[in-house]
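Okay, everyone, thanks for coming. Let me put the structure up, and then we'll walk through a few of its helices together.

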Amino acid sequence: MNLKFLKNLRNKAFHVVIRKHSNEVSSKIRNIGIIAHIDAGKTTTTESMLYHAGAIKRMGKVDSGNTVTDFLPSERARGITVQSAAVSFNWNDTCLNLIDTPGHVDFTVEVERALHVLDGAVTVLDGSRGVEAQTRTVWRQADKLNVPRIVFVNKMDKSGADFAATVLSLQESLSAKTFIIQFPVMTNEFSGLVDIVNGTVSKWQAIDNPDSFCTVALTEEDNILWKNYIGLKQKLIEQLADLYDDIANMYLTEYTDRIDKFPSKPLVTSLSHAVKNFNAIPILCGSAVKDIGVPSLLDSVIDYLPSPDNSNTNLSIKNKDSLVGYAFKVVHHKRFGPVVFIRVLSGSISTGNKIFNGSKDHSETVSQLYTVFADEYKPISKASEGQIVAITGLKFTGTGDTLFEKNAEANENLAPVTIPQPVYFCTIEADTQTELKALNRCLTVLIREDPSIRIKMDSNSGQTILCGMGELHMDILIERIKNEFKTNCYIGPIQVAYRETLLEKTQRCKFSYNRTVLEKTHNIEMELTADPIKSDDISISTKITDITPEVRMAIKDGILQACQSGPMMGFPLMRVKISVRKFKMTSNSPKTIVTAAVVNMVQEFFSQANFCVLEPMMDIEIVTHSNKLDLVLKSLAQKHATISEVKGYEIERYVSARAPVSEMLGFASKLRSISSGNADLTLEVCGYEVVSNENIETLRSRLIGGVSYK
Ligand code: GDP
């Protein structure tokens, strides 16, 4: 990329850059995400991309809290990405819609929502750390959702950065099919990049001056660099020759002894084909903070990641002619109200259009379409296939909904995002009746924005319960309720969501309910069985005939209500299938009475069955300075963690362990203080374990004693 061209790009104003978007043909679009472990450098890489593309005039810094994509106050204060932010900009005449996703495990659902609409992703790695815990999670998600990837090994300027070790960690821990297309020049420190496909080297005079570089063709006089280049180019050609006969033929007939002369075009074409078919992961490197290697990363996004018309996206649709849109995100804008982000999968959408939400079975009107640049919105009149745009005016649409041109029989809704069970919760109460209205409004907005939040009513206490995915998720929610929505309310301590489940299959049991209410007698009988199941849900079977749909619904409601409170300690049930084998009603009882009777009978049934308490568990990964290892291991032992592995040598050690979620509340700040900030923690909920009988009593006294966890 020549310098003059870059400078010209930088001087372009943003409105000039985006004006072309609505008319883009889809081969000139890339919808990509930046995915990685927290702190790998996603936001810095995004910022550097925007700078090089001329979309911003000065590069912001995460540490100064002035980057484009981390714009929420909670993100800027913590220096982390919480919401995936969308930015659209141009590079080499192609429109890039880029989503900077969060790297913290509590926001995995946010990453999955973004991956649903992307055609490709850039995985950023810290070159001194290699593959980290959350890299594995997002990599698995990208595998599941068929998202092709390229890898940017970042932080090559950092002491301890090791390109070869990072590539090895990709191969070993992710079984990635790595295709190295660039390698770093390390003379004492990181000073340049070799482009293996084009046979050029870019060298920086001063690492702190991103413009002080020159790019020249590599020659044999470059000695060690030349040898590395020839070795890696031969490897790249052989890898591609294994996949494509034309590359094998060219190699064998013309270039076996002239590797350096192998033309770049067929390599780029075959590699992009291999990436799209999940046979290759191109590896690049650089330093986002020093602004090195990012232009070639942008070139590679265009060369190797698919455009919408070439994409493997799992959002496959039948009707290619009319509008099909997928809503993947809703944010509440201070001025515009709810803004819905959609990917246009086919057809087009225009400002003022009437559209149909197939998931909610409701018509909607588009007030205005926008292209988005983090928190800046630019109005456009139309968006076509392949584009990612924001819409205002939609009243019902939420994340995972499918939008159509009109209500038609051929409409087929796309799969919604899967949301795991939340494991943390707290009670939340408004101070006054007026505040209650404000609180309800705020919770409605938050749920529409973030589908991983659950709000429940405690049927015993009548309290509102807010459930979330992790401690950081809960902390940020509480912060937003108090500071952003300025709601005055009492928020209880964060607690762990224990569950109860059935230990074994039950016998068929018969129950009856006889009550007289306002001089009318209600006689209801039912026979039930219950079975343990593998999925984390409640399954209900009511394969009985001769009941009306209303009564069937009342029975289901009753069973679900009864399952909210288990017989051991009143925790909600999971992994249970309840089957209604027989149902008889001698009176014409209203739905409310039927539901109440079913709750009563099902709870009696549960009290006779064999249940246990389940406790959510967490996988723990800690990267620590070796001189803090003993302190880290001691604090894990105090938390009843089982340590499975300690590895790494010299400065950094990696500890893997597992512990109950309840023990991990507040552990992140404890670890920070004992390690003086020299340890990184990743926690991921990994399932549930049965609480032993002796621990049940401890748990009971802890809960009855009202001990807060925070
Ligand atoms: P994210 O959590 O993946 O978005 O990572 P950030 O972009 O927020 O960066 C995390 C930290 O790493 C910040 O302190 C950055 O300044 C720093 N950082 C990012 N890129 C580089 C790099 O290329 N080299 C070095 N040495 N530090 C970097």
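So, H8 and H9 are oblique to each other, a label for angles that are not under 35 degrees (roughly parallel), over 145 (roughly antiparallel) or 65 to 115 (roughly perpendicular). H8 covers residues 224–243 and H9 residues 245–255, and they pack at about 130° with axes 6 Å apart. Axes here are lines fitted to C-alpha atoms over the stretch in contact, with angles from 0 to 180 degrees between N-to-C directions. Helices are DSSP runs of H or I, at least four residues, and strands are E runs of at least two, numbered from the N terminus.

This is a predicted model, where local features need pLDDT of at least 70 and side-chain atom pairs 80 or more, while totals for chains, interfaces and linings use all residues. Residues are numbered from 1 along each chain as its sequence is written, and side-chain values use heavy atoms, leaving out hydrogens and water.

Next, H5, residues 108–115: how many of its residues are buried? Eight of eight, with buried meaning under 20% relative accessible area, exposed over 50%, and partly exposed in between (1.4 Å probe, protein chains only). Their cover includes strand E1, strand E3, helix H6, strand E12 and H12, counting contact as heavy atoms within 4.5 Å.

And H12 itself? Its buried residues are Glu-435, Leu-439, Cys-442, Leu-443, Val-445, Leu-446 and Glu-449. They sit on the same side of H12, because their arc is only 160° around the axis, taken from the directions from axis to C-beta atoms. Over on the other side, Gln-433, Lys-437, Arg-441 and Thr-444 are exposed.
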